[in-house]
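Please read it alongside the sequence and the model.

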Amino acid sequence: MTGPYPDWDMADLEARYRVHKLWQVEDKDALIASHAGAIRAIATRGELGASAALMAKLPKLEIVSCYGVGTDAIDLAYARENSIRVTNTPDVLTEDVADIGIGLLLAVARKIPQADAHVRNGSWRKGNMPLVTRVCGKKLGIVGMGRVGAAVARRAAAFDCTIAYFDRHARDDLPYAFVGDLVELARQSEFLIVTLAGGDSTRHIIDAAVLAALGADGILINISRGSTVDETALLAALETGAIKGAGLDVFWNEPTIDERFLQLANVVLQPHHASGTVETRKAMGQLVRDNLAAHFSGQSLLTPVV
């Protein structure tokens, strides 16, 4: 295991398998070398992944089971070339991530953190806080219309938002407007919510041009991966007022994020916690364990990636 899981998952894994806890030892290479001939599985987390270098040290490796949807930190090409199976945990976290997307939008637009502080620090006794931004009825752009994007759209529809989206292809099964040019989608939108997968194909897809098109009244929400946003451009846009604000659950260098974010009043920060509910984390862990059990019993994998 590359990193810990919640106690309920650890107890089950340790009851079923010989678990080598990589995060608990200083000399990781020594631990790997001493058990390389016996290790048949890696249990990892989305942000920790499994590099080609790690997998290459494990000649008996058969499967990498990832606690999370994102597999951009797993070298999938190496896994394919070496017949190593890879699984993740889709679907079970979709609804919670979508909830946070809307929650962050409301927090930024309605300035909920500032309103809380206005009451707590006694400012309310001296006067009302400034007016804020409505969410209902606005133009919402979704960048990536996969599982999470579609779930965000369902929620935004309840706010009577006009919804459009950018993706590689239009989806015939959805009623929302497809916009094939991301800058044009940003130009049309008052709010932009990013729900893309990570990886090289989406790295810094939200760049200075997209943020300029979103404009001074625009709000950016990122519930995807930190790699999808050019943080240098985002920080400049936030600092200069080129966009109104941002709500971020993910960052380029998390958890050691750029400290400039901490000084900005127009950004709401979350510690990559969109799926962090008891219900979802239990379902994620169960799916990791079910995939491992299926593999070692010769059954079909539940959620294969490779």
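Gly-70 sits in the loop that runs between β2 (63–67) and α4 (76–81); helices (H or I, at least four residues) and strands (E, at least two) are DSSP runs, numbered from the N terminus. This is a predicted model, in which local features need pLDDT of at least 70 and side-chain atom pairs count only at pLDDT 80 or more, while totals for chains, interfaces and linings use all residues. Residues are numbered from 1 along each chain as its sequence is written, and side-chain values use heavy atoms, with hydrogens and water left out.

**Gly-70**
- Gly-70 has a relative accessible area of 13%, so it is buried (buried means under 20% relative accessible area, exposed over 50%, partly exposed in between; 1.4 Å probe, protein chains only).
- Leaving aside residues up to four places away in sequence, Gly-70 touches Gly-46 and Arg-225, where contact means heavy atoms within 4.5 Å.

**Asn-291**
- Asn-291 belongs to helix α11.
- Its relative accessibility is 0%, so Asn-291 counts as buried.
- Not counting residues up to four places away in sequence, Asn-291 touches Ile-63, Ser-65, Thr-87, Asn-88, Leu-301, Leu-302 and Thr-303.

**The chain**
- The chain has eleven helices and ten strands.
- Its radius of gyration is 21 Å, close to the 19 Å that the globule rule gives for 306 residues, so the chain is as compact as a globular protein of that length (the radius is taken over C-alpha atoms, and the rule is 2.2 Å times the number of residues to the power 0.38).
- Of the 306 residues, 49% count as buried.
- Among contacts between residues at least 6 apart in sequence, 57% join residues at least 24 apart.

**The second largest pocket**
- The second largest pocket holds about 450 Å³ of space. On a 1 Å grid over the protein atoms alone, a pocket is an open set of points where a 1.4 Å probe fits, with protein on both sides within 12 Å along at least five of seven lines; lining residues have an atom within 4 Å of a point. Grid points are joined across faces, edges and corners, and a volume is the space filled by probe spheres set on the points.
- Its lining has 21 residues, and Arg-18, His-20, Ile-39, Arg-40 and Ala-41 lie nearest the centre.
- Two or more lining residues come from each of α2 (28–35), β1 (41–45) and α11 (278–296).
- The lining divides into 16 nonpolar, three polar and two charged residues (Ala, Val, Leu, Ile, Met, Phe, Trp, Tyr, Cys and Pro count as nonpolar, Asp, Glu, Lys and Arg as charged, and the others, Gly among them, as polar).
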